[in-house]
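Let's take a friendly walk through a protein structure together. Have a look at the picture first, and then we will go through some of its parts.

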Amino acid sequence: MEAEASSFECSEMLATLLASTPLLEESWKLCGQANAEAPQSYGTKQMGHVTYIAFSGIQMLAGLDPSCSNLVPIESSANGLFSSLHRHGEGEEPVMVHAGLLHLFLSFYSSPIFQNQMREITSNSKSVVFTGHSVGGTVASLSALWFLSCLQSLPSSFSVICVTFGSPMLGNESLSKAILQERWGGNFLHVVAQHDIVPRLLFAPSDSLFPYLCSFFPFWHSSMSNPSFKQLLAQCPDEMQAQFLHIVLNSLEALSAGGLNSGQGNLFWPFGSYIFCTSKGSICLDNAVSVIKMLHLMLAKSSPSSSIEDHLNYENYVGQVYWQILSSKNFQEDDLPDSSYEVGIALALQSSDITPCEAVSGPAKDCLKLAKQMGRTPSLNSANLAIALSKITPLRAQIEWYKVTCDDSDDQMGYYDSFKRRGASKKNSKINMNRHKLARFWDDVISMLEHNQLPHDFHKRSKWVNASQFYKLLVEPLDIAEYYRSGEHLKKGHYMEHGRERRYKIFDKWWRDRKVEGNPGNSRSKFASLTQDSCFWARVEEARDWLNRVRSEGDTRTQSLLWENIEKFDQYARGMVDRKEVSIDVLAKNSSYNLFVEEWKDLKSQLQLFPPHFPSLLDGGGSSSLTIL
């Protein structure tokens, strides 16, 4: 079927990119040069409008000490350098990274030379490729994350790519989720040799690895700077090599067998796309669980010496990738799978250098199926969501009709207050049900986006930005009404801080980041069909609460602060009305906003009895009451 045939679309697109550009070859070439010529540093090269920054794999890593190999929260350890990733720790495990690797990156970042070069790159280039071998790859990843965080505050179309070779893991699952939520997963490409033990190291307990790392990292570093030192591996006892492989393999096996559960904040976790290179080909995976399983299955076929030597063989693998991508693999006619999906699985299995007769063949096939899921591609998911959106349009239309009837009602309460004070009726129940159905639809959209099941630019497409904004303006007032109707503010606190759903915060960001064409500042000639601040009614409820509190507040300083807050809201609301950025329900005679205006007017008139406390109001410095037409 078509969905099956296209399930390898992402891998094919990546393969096409690698076959048609010098990205992989040039990245490794510069990594090799950095290993030989810039130990404990990095090299740069500009090619046209693209600048490459290659970090040497020869670095003094504090993480060799078990006390420095723990995961640490990036928010408290990096002085706000990765601000875009901080908020994703709310209510979940915090975003965490390897302490020693973060310290290594910060040592580069603190250099004025490094910062000056980064500024020059943004001025003189259109793209930057961060790359690195071994530990240098993790420095490249952190540099790319920092650079991407910086770019969020700039109106720029600057392109950032990170390519690593044999890089250790960097952070926990929360880091991986944060990167997906920022839509940065496609910016990271990790190349892993089939037997290389280094990308697998941090899945094993750090204290058990320490004595082995003290022996093997010096060997790797010497060999990176001078390939002739590879022969020194023969001086390392075979038993030590075998024990090293045994520790890492056992940890991966235990993890793959049943420990890959979401939410383990202290477990290292992959992010981005992984290219596994073998002598028979290469495969690309971007599903984190599948990546971990494949890391285990390929290492299970390794010998102790190959697991160490393969960390130094990336030049050979990179040289083969181009031709392996272009070459075709053949099946005997009797072995040809029935479906195009099974053909894709079989080709991937061949590229993994795993034959059907091997013990790991079955688990490897299951791993590849898990990665591809026989599911629809991001483009097809987007198309199907568009169909689903059209099917829920009647639900939205019914709520729009409900708003019109409320705004035209003789009780003059308007849309918000009619729903807040609603009684039991079939119409009200229908609207409340529609509210829940629309919420489920948009929550599903966000979930698909954050799990990489939609196109990378989905959240920037005008169709979805506009649809989400209209939904937010139409339905969030109903959510606010229900929050205060049910008394949730008395249990949790006011809506803005304690009750607002995450989807609305995400849609705020989509709307802020949209491309605005023409002149958006034209004044309105009539009131908006929907109030342009979807949280307007939450602000009204909070302002009315301040009014109630100021009447009974005995502390002069607290009372003064409450008055100041009320004045600020009054000025904000009058500005909204003057600019006609509110719907007519705001101005309804019996609306909560009009009640606020009357209560505020009464309270200020009572203030005449207490002139010493608030002289600014008596002098005309305070806000005046708002006349409702």
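Two strands count as paired if DSSP finds at least two bridges between them. With that in mind, we can look at a hairpin: strands β10 and β11 are joined by one, through 2 residues. Please remember that this is a predicted model.

## The whole protein

The protein contains 27 helices and 11 strands. Of its 629 residues, 52% are buried, and its accessible surface comes to about 29,200 Å². Carbon and sulfur atoms hold 51% of that surface.

How much of the contacting is done by residues 24 or more positions apart? Among contacts with a separation of 6 or more, such residues account for 78%.

Strand β10 covers residues 273–278. Because 6 of its 6 residues are buried, β10 is largely enclosed by the rest of the structure. In a regular strand, side chains alternate between the two faces of the sheet. Here, Ser273, Ile275 and Cys277 point one way, while Tyr274, Phe276 and Thr278 point the other way.

## Helix α12

Now for a helix. The 12 residues of α12 (residues 288–299) should span 16 Å at 1.5 Å a residue, and the end C-alpha atoms are 17 Å apart, which agrees. At the start of α12, a side-chain oxygen of Asn287 comes within 3.1 Å of the backbone nitrogen of Val289.

Is α12 mostly covered or mostly uncovered? It is mostly covered, with 10 of its 12 residues buried. Among them are Ala288, Ile292, His296 and Leu299.

In soluble globular proteins, nonpolar side chains tend to be buried together. The largest nonpolar core here has 94 residues, and those touching the most other members are Phe82, Phe130, Phe147, Trp220, Phe244 and Phe276. Helix α8 (residues 135–151) gives this core its largest share, 10 residues. A second, separate core has 64 residues, including Tyr483 and Trp563.

Leaving aside residues up to four places away in sequence, what does Phe82 touch? Its contacts are Ile74, Leu102, Phe105, Leu142, Leu145, Trp146 and Ser149.

Technical notes. Residues numbered from 1 in each chain as written. Predicted model: local features only at pLDDT ≥ 70, side-chain atom pairs only at ≥ 80, totals over all residues. Heavy atoms only, no water. Helix = DSSP H or I, 4+ residues; strand = E, 2+ residues; numbered from the N terminus. Expected span 1.5 Å × (residues − 1). Buried < 20%, exposed > 50% of the residue type's maximum accessible area, 1.4 Å probe, protein only. Polar contact = N/O pair within 3.5 Å; in protein donor to acceptor, adjacent residues only side chain to side chain. Core = buried A, V, L, I, M, F, W, Y, C linked by side-chain atoms within 4.5 Å. Contact = heavy atoms within 4.5 Å. Areas by Shrake-Rupley, 256 points an atom, 1.4 Å probe, with all protein chains shown as cover.
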